[in-house]
Every structure is written in structure tokens, then in C-alpha cells.
Amino acid sequence: MKLVFAGTPEVAVPALDALLASGRHEVAAVVTRPDAPAGRGRRLVASPVAERAEEAGIEVLKPAKPKDPEFLERLREIGPDCCPVVAYGALLPRVALDIPAHGWVNLHFSLLPAWRGAAPVQHAIMAGDEITGASTFLIEEGLDSGPVYGTVTEEIRATDTSGDLLTRLAFAGAGLLAATMDGIEDGTLKAVPQPADGISLAPKVNVEDAHLDWNAPALRVDRMVRGCTPAPGAWTTFRGERLKLIQVAPVPDRTDLAPGQIAAGKNNVYVGTGSYGVELLWVQAQGKKPMRAADWARGVRIGEDERLGD
């Protein structure tokens, strides 16, 4: 088939690479978000997908909005059979969805209908799911509600951050997306409607959502930290300033600490929760680089009865 691939961040690059390497389909163009300011100088930088496409000598389309007439006209000129999508980052209007004969097929990082929305991996970890995966589905105008072509499953490991898990899913999902294109092309794959039961939503996790509650159980604190790493970053306050928590570990035998209470030793820093303690392993103070929690504790000279949180 002739394909137009839509995607923007680094997590979409493995899928583009898989389609380029398949040898079965032609990636005629790539659609991605416009260049965005980045770094201290805030200079405009192309998306990771745009950079990869340019390396491969593929036409790159960067519409401000997918409903722009110039973009729609160019898409019709290319005449794709199908448009595979991975984390493109913009809503597709009906007029765009109708252009390819086989529609737009999205790679979504959950086992649909679970975790429809922008942050499925973060929510799966924060909810304590043991299994997640990726799904390919035909895009409709509803939120991740279209019929599903295929899935792959992935175990959520006890120490997985959302970054760890998303990286594994990006590569597993790349193979799934390529296989989905093959099945659509040869007619052996049909999309199956999603069940009405088991729907859950995964809206974007913002900074305020990542504010830790030390009255929550230790497992909830651990899942929040892992789910919010690397972004937006779980945080608390210490002496009135924000402290980002990068890695913690539940410690079931530390039941002597009140929620938020800090106990700092020579090589360990523990904090009480609503159940039992957690050990702080890596933290990042405001305006500082990430550091081991024990080094941070020595630097700030934690006193008796000091606490994290408001």
C-alpha cells in the first residue's frame, strides 16, 4: 500500500522505522506537528519523526491544523491507501479521515477499551495494572473508540517508570502496526468493534496531578512516582520549595513514621505514608540536578521531625 505516516515524538520513530524496513509498503510522506521552540534559546526544532523522515528522504508535511485546505489538497494528491498514526498529537477532522481508502489506523499504547486518551501508560502504572499492551484501531471521530485490528500484551514490571514501559511498547507496537498494514493490504485482517464494558479514560497528567499525597498508602506513592517519571515528574514540598521524586522504594517494615515524616540516616532516607514507609532513592531539588536522596539529605541537613508535604 501507499502510506502516509502521522506521528510526532520519539516514541513514534520505531513504528516509522518498521514501516520503512518492511519492504512491502511505500511510505510516501510523513505528517507531523510544526517545529516547536526548545532549549534555553527557544529556537524552533523539528519533531523526532520529521528528523527521521528527512534522513530517509521522505516528504514531510507540517500543517498547523489537519483541517488546513493546503494540507488536505496535498494529501489528496498523494492518494494514500492508508495512514498509520502514532502519537501525532492533533485531532483529525472527518474530511481528512475520509481521504485514504483504508482510513487512518492508530497505534495506541493500551489494551483498548482500557485507558482511552492521551496518557494510557502513565495511568496504567498509577492504577497498579499488572498487564498492559498496545492496540491498532481504525480512527473514528470519537476518543480512541474505533474498531480494533490487533493487540500485543506487555507485563508491567515492579520498577517500571512510564518512560521504561513506553519504550518497550514503542518497539512491540511498531511490529504490530507493520503487521496490521500487511493484514489490511492482503485482506486477512478485519477490525472488531470494542466491547462496551471495561472502558477507562487516561487524560493527560499535568503537574498538579503529580502532587504527592503522603496520606496515601506506600504502594500508591510508589506508583505515582513511577507513573509520572519522566514527565511531568512527581513532586512534594520541603521547607516551602518543590522537591521532585525520581525514584522511591516501598519499605514494609518501616511502620514508625507518620505520613510525610522524614528519617534520614547516613546512607538512607525514609518517609512515612498512610501505610508504611518508602525509601527515597533519587530526588531533584528546585533548580538542581537529580541526585541520590542521601546526598540531598546531607546537603540540606534534615532536622528532627521534619516533613515532606504541606
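## Helix 1 and its two helix partners

Helix 1 and helix 6 cross in the right-handed sense in this predicted model. Helix 1 covers residues 13–22 and helix 6 covers residues 162–186; their axes come within 8 Å, and the crossing angle is roughly 40°. That angle makes helix 1 oblique to helix 6. On the helix 1 side, the residues that meet helix 6 are Pro-14, Ala-15, Ala-18 and Leu-19. Their counterparts in helix 6 are Ala-170, Phe-171, Ala-174, Leu-177, Ala-178 and Met-181.

Helix 1 also packs with helix 2, at an angle of about 25° and with the axes 9 Å apart. Angles under 35 degrees count as roughly parallel, and helix 1 and helix 2 are therefore roughly parallel to each other. The crossing of helix 1 and helix 2 is right-handed. Here Val-13, Leu-16, Asp-17 and Leu-20 of helix 1 meet Pro-48, Val-49, Arg-52 and Ala-53 of helix 2.

## The whole protein

The protein has 8 helices and 15 strands. Its C-alpha atoms fill a box of roughly 70 × 45 × 30 Å along the principal axes. Of the 310 residues, 47% are buried. Among contacts with a separation of 6 or more, 65% are between residues 24 or more positions apart.

How many strands form the open sheet, and in what order do they lie? The sheet has 7 strands, in the order 5-2-1-6-7-8-9, and the pairing is mixed. Strand 5 and strand 9 are the edge strands, and each of them pairs on one side only. On average, neighbouring strands of the sheet are turned by 20° against each other, direction ignored. Strands of a sheet pair through backbone hydrogen bonds, in either the parallel or the antiparallel sense.

Strand 1 pairs with strand 6 (residues 83–86) in the parallel sense over 2 bridges. Strand 7 and strand 8 pair in the antiparallel sense, over 4 bridges; Val-105 stands opposite Leu-138 in strand 8. Strand 8 and strand 9 also run antiparallel and are joined by 7 bridges, and Gly-133 stands opposite Thr-153 in strand 9.

Is strand 8 largely enclosed by the rest of the structure or largely open? In strand 8 (residues 131–138), 6 of the 8 residues are buried, so this strand is largely enclosed by the rest of the structure.

## Helices lying across the strands

Helix 2 (residues 48–55) lies across strand 1, strand 2 and strand 5, and runs at about 155° to strand 5. Helix 3 lies across strand 1, strand 2, strand 5 and strand 7, and runs at about 145° to strand 5.

Helix 3 spans residues 69–78, and its buried residues include Phe-71, Leu-72, Leu-75 and Ile-78. These residues cover an arc of only 120° around the axis, which puts them on the same side of helix 3. An α-helix has 3.6 residues a turn, so residues three or four places apart point the same way. On the other side of helix 3, Pro-69, Glu-70 and Glu-77 are exposed.

What do the buried residues of helix 3 pack against? They pack against strand 1 (2–7), strand 2 (26–31), strand 5 (59–61), helix 4 (94–97) and strand 7 (104–108). Helix 3 is followed by Gly-79, whose phi is positive, near 65°.

## Leu-72 as an example

Leu-72 lies in helix 3. Buried means under 20% relative accessible area, and Leu-72 is buried at 7%. Leaving aside residues up to four places away in sequence, Leu-72 touches Pro-66, Lys-67, Val-95, Ala-96 and Ile-99. One of these, Ala-96, is 24 residues from Leu-72 in sequence, while the C-alpha atoms of the two are 6.6 Å apart in space.

How values were computed
Residues numbered from 1 in each chain as written. Predicted model: local features only at pLDDT ≥ 70, side-chain atom pairs only at ≥ 80, totals over all residues. Heavy atoms only, no water. Buried < 20%, exposed > 50% of the residue type's maximum accessible area, 1.4 Å probe, protein only. Arc of directions from axis to C-beta. Contact = heavy atoms within 4.5 Å. Pairing = 2+ DSSP bridges. Axes fitted to C-alpha atoms, helices over the stretch in contact; angles between N-to-C directions. Parallel < 35°, antiparallel > 145°, perpendicular 65-115°, else oblique. Left-handed = near helix turned anticlockwise from the far one by under 90°.
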